[in-house]
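Let's take a friendly walk through a protein model. Keep the sequence and the 3D view at hand as you read.

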Amino acid sequence: MTLTIGYVPLADAAPVVAAAELGFARDEGLDLELSREPSWATLRDRLALGHLDAAHMLGPLALASALGLSGPQADLCVPMALNLNGNAVTVSNALWAEMAPKRDALAEVATAFAAVARARAAEGRPLTLGTVHPYSSHSYQLRLFAQAGGLDLDDHVRVVVVPPPDTVDALRRGLIDGFCVGAPWNAIAVAAGLGRIAALGCEIAPDCPEKVLALPERDAAFAPALIRAVHRAGLWCADPENRPALAALLADRAGLGPDKALLARTLGGTMILDAAGTVRTAPDYLRLDAAVHRPNPDHARWFAAQMVASGQAPDSGLAERAAALYRPDLFDAATGI
Amino acid sequence: MWLACPVRPPTDHRTPQNRASMTETSLTVAVIDPSPARAAILEEGLRASGVDSVAVIPDGPGLQARVAALKPDVIVIHLESPSRDVLEQMSGLSRQAERPVAMFVDRSDQTMMQAAVDAGISAYVVDGLRTDRIRSILDIAILRFNAFARLQRELEEARSELADRKLIERAKGILMARKSLSEDEAYKLLRRQAMNEKRKIVDIARAIVTAADLLG
């Protein structure tokens, strides 16, 4: 059976890319065709209208699509999570210099950021931060980062969307002062000498839910085989021994090259924070391991709470409607747990 | 401005907003398409149908500012454009957007949506714009984009046909030189071989050319 699976080129697309490219799908009798999507909006619409059979998707966007909050309402479900964490907040070198935090720890960094953001808003030239889509953990992590410094993001900072591959250029041109994106784009901005990683996603919100495998709820007879294939591929991706091979696969197949060493380092949670080469080791920076695959309805509830807090949706039973879309039962049935 | 900031508050995102008064002819349409040729074709089509203000906005980091300055009533954007997510942020969910933009076409119209997506189109529309106006613009976009795709396919076919013909000419030339055949005989030999092997003449020709290249 041939399935078309959509993805956006990011490190956490690894399990679906590996499932398609390394034989995990074939072992389950599936022929997976990868479809690289140019934007999350297009991925969402193509999944909703049946052009895609499944997708690597922002967790909040999968929920928003199924709840009719974003794009054409789609009958989707989430039978598996692909990862936790993987994002970071990077700021321009100039903003980092202006922030000059007392210590390189979240509380101090966020407080220093809040001070600059307040000053800039008062001068009528607010800071501009980039995210990847309104319905993303990135947007929520920016809000939480501001909150950690006692700042209400909406009142003081302009938030725009920048497609991840454009983040480096947007920083260089001064169109944004910083951004929250997924791996490997923070490391790439640092390597380009343009940014300073201010906070890792896993510090802002430990074990933050991130990408999921989204499937149409109807006629998904292929679901068990697909879940097994992606689950087994995910286990392969999480094995530290496979990191160099995975980095090469992502560079070649997901367009995340050309720096394979940077990719392998990022997959292992070794983050170079600035041009001076300051290193922070965070084993949980991007979690792909077995413990994250079973979809946790509490994650859906957390996303729903963030949507409400961001003014994206009214709080009329949203959490429970969101939680019902996460289907650990499908995961258990497929993987024989 | 759409993005003057910080801007307080509007609105629940579901609250319909009253638009500034807008007559039928005063629409501003923005076209965003990674293919400049396709964008030009759509621009021309919209002008021909009486839309007086059409602007093509290139993808890239400057897009947001261009859209904010133009304040279009309708944005027609190709599905292949990475800028769609930029528009989603601008479209009313954020408190910074003074002019909320509805998603897509009338959401109840599945057929229209399917046709638009099949043609590679999505549209962002200022809240309150009349459905028939949106529909006529989308109709034009669908027609133009489908025509463009057809032209491209035909061009591609013509190109590959030309390439096939060149390959067959080269193979004939090789056979004529190596086997002292006439042009007609060389072609008949190719055709007979193709029939025997149940393959296309061009495949036999390619094999001959490849072999000749390898063997010198």
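## A pair of strands

Start with strand 4 of chain A, which is joined by 4 bridges to strand 11 (residues 211–216) of chain A, the two running antiparallel. Across this pair, A:Met80 stands opposite A:Leu213 in strand 11 of chain A. Strands and helices here are DSSP runs (E, at least two residues, for strands; H or I, at least four, for helices), numbered from the N terminus. Two strands pair if DSSP finds at least two bridges between them.

Before going further, note that this is a predicted model: local features need pLDDT of at least 70, side-chain atom pairs count only at pLDDT 80 or more, and totals for chains, interfaces and linings use all residues. Residues are numbered from 1 along each chain as its sequence is written, while chains are lettered from A and ligands numbered from 1 in the order in which they are written.

## The whole sheet

Where does this pair sit? Both strands belong to an open sheet of 5 strands in chain A, with the order 2-1-3-11-4 and mixed pairing. Strand 2 (31–36) and strand 4 (76–81) of chain A are at the edges; each has a single partner strand, so one side of each is left without a neighbour in the sheet. From one strand to the next, the twist averages 30°.

Helix 4 of chain A packs on this sheet, where it touches strand 3 (54–58), strand 4 and strand 11 of chain A. Its direction makes about 115° with that of strand 3 of chain A. Such angles run from 0 to 180 degrees between N-to-C directions, with axes fitted to C-alpha atoms, for helices over the stretch in contact.

## Two domains

Chain A is divided into domain 1 (2–84 + 210–267 + 284–335) and domain 2 (87–204), with bounds from an automatic or database domain assignment. Their C-alpha centres lie 25 Å apart. The contact takes 23 residues from domain 1 of chain A and 18 residues from domain 2 of chain A; two residues are in contact if their C-beta atoms, placed from the backbone, lie within 7 Å. On the domain 1 side, helix 4 of chain A gives the most, with 4 residues.

Which residues does A:Ala214 touch? Not counting residues up to four places away in sequence, they are A:Leu47, A:Ala54, A:Ala55, A:Met57, A:Ala62, A:Leu76 and A:Val78.
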